[in-house]
Amino acid sequence: MRRAIFPGSFDPVTNGHLDIIERGCKLFDEIIVAILVHPEKKPFFTIEERQEMLSEVLGRIQLGSCAVSVDSFQGLLVHYAVAREAHAIVRGIRGISDYEYELQMALMNRRLEPTIETVFMMPAETYSYVSSRLVKEVFQLGGKLDGLVPPLVEARMKDQTEKR
Ligand code: PNS
């Protein structure tokens, strides 16, 4: 049973994240999508909202026999990965600009916990420029998000701004 953690902020989940989860499912029997609880950050969605949205969109895609669950964590990722008895951490790499930061994190994580491997995966080219940060910026400036995030996420973003 190979278990991986796919950590991130997921504020919000994008189609790029989903693409990585689908690809990760070809390598692992189980993927835990783990949302970082970051007390200092001012997020668009709360942890609970992100967790709920992720569970809902994951329920709508074909993941074969791979068991995908959603959780949140605080503190060091490697401590969480060990506690969940994971074998690997999955991270998406969209391009060279991601690589430097990801490599530093992967090597630091390896130093902290040599038993956990980091696996880098490339999303489909269509998503190579998609990030949660740009999605929020485009949304806040009135741009269309179709194809970038699941329709449910765009709807929740609209609800959220109406509430404010
Ligand atoms: O989606 P993001 O914001 O790029 O994800 C970054 C994340 C959550 C993977 C990273 O910030 C992280 O692992 N934070 C937990 C704290 C930690 O373990 N820091 C040391 C990493 S070398």
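Modeller: Helices (H or I, at least four residues) and strands (E, at least two) are DSSP runs, numbered from the N terminus. The model before us is predicted.

Biologist: What is the phi of F10?

Modeller: The phi of F10 is positive, at about 50 degrees, although the residue is not a glycine. The loop between β1 and α1 also holds P12, and the peptide bond that leads from D11 to P12 is cis, with omega near 5 degrees.

Biologist: How many helices and strands does the chain have, and what pattern does the chain follow along the sequence?

Modeller: There are six helices and five strands. Along the sequence they follow the pattern β-α-β-α-β-α-β-α-β-α-α. The chain is as compact as a globular protein of its length, because its radius of gyration of 15 Å is close to the 15 Å that the globule rule gives for 164 residues. The C-alpha trace spans about 45 × 35 × 30 Å along its principal axes.

Biologist: How should I read the sheet, and in what order do its strands stand?

Modeller: Strands of a sheet pair through backbone hydrogen bonds, either parallel or antiparallel. Here the five strands form an open sheet in the order β3-β2-β1-β4-β5, and the pairing is parallel. At the edges stand β3 (67-73) and β5 (117-121); each has a single partner strand, so one side of each is left without a neighbour in the sheet. From one strand to the next, the twist averages 30 degrees.

Biologist: How many bridges join β1 and β2, and which residue of β2 stands opposite G8?

Modeller: Strand β1 (residues 3-8) pairs with strand β2 (residues 30-36) in the parallel sense over six bridges. The residue opposite G8 is I35 in β2.

Biologist: Which strands does helix α1 lie across?

Modeller: Helix α1 (residues 15-27) lies across β1, β2, β3, β4 (88-92) and β5, and runs at about 120 degrees to β5.

Biologist: Which residues are around the ligand?

Modeller: The residues around the ligand include P7, G8, S9, L36, F73 and R91. For polar contacts, the reading rests on pairs of N or O atoms within 3.5 Å. An N or O atom in the side chain of S9 is 2.6 Å from a ligand oxygen atom. For L77, a backbone N or O atom lies 2.8 Å from an oxygen atom of the ligand. R91 places a polar side-chain atom 3.0 Å from an oxygen atom of the ligand.

Biologist: How much of the ligand does the protein bury?

Modeller: Taken alone, the ligand exposes 550 Å², and the protein buries 74% of that.

Methods: Residues numbered from 1 in each chain as written. Predicted model: local features only at pLDDT ≥ 70, side-chain atom pairs only at ≥ 80, totals over all residues. Heavy atoms only, no water. Pairing = 2+ DSSP bridges. Axes fitted to C-alpha atoms, helices over the stretch in contact; angles between N-to-C directions. Contact = heavy atoms within 4.5 Å. Near = heavy atom within 4 Å. Polar contact = N/O pair within 3.5 Å; in protein donor to acceptor, adjacent residues only side chain to side chain. Areas by Shrake-Rupley, 256 points an atom, 1.4 Å probe, with all protein chains shown as cover. Rg over C-alpha atoms; globule rule 2.2 N^0.38 Å.
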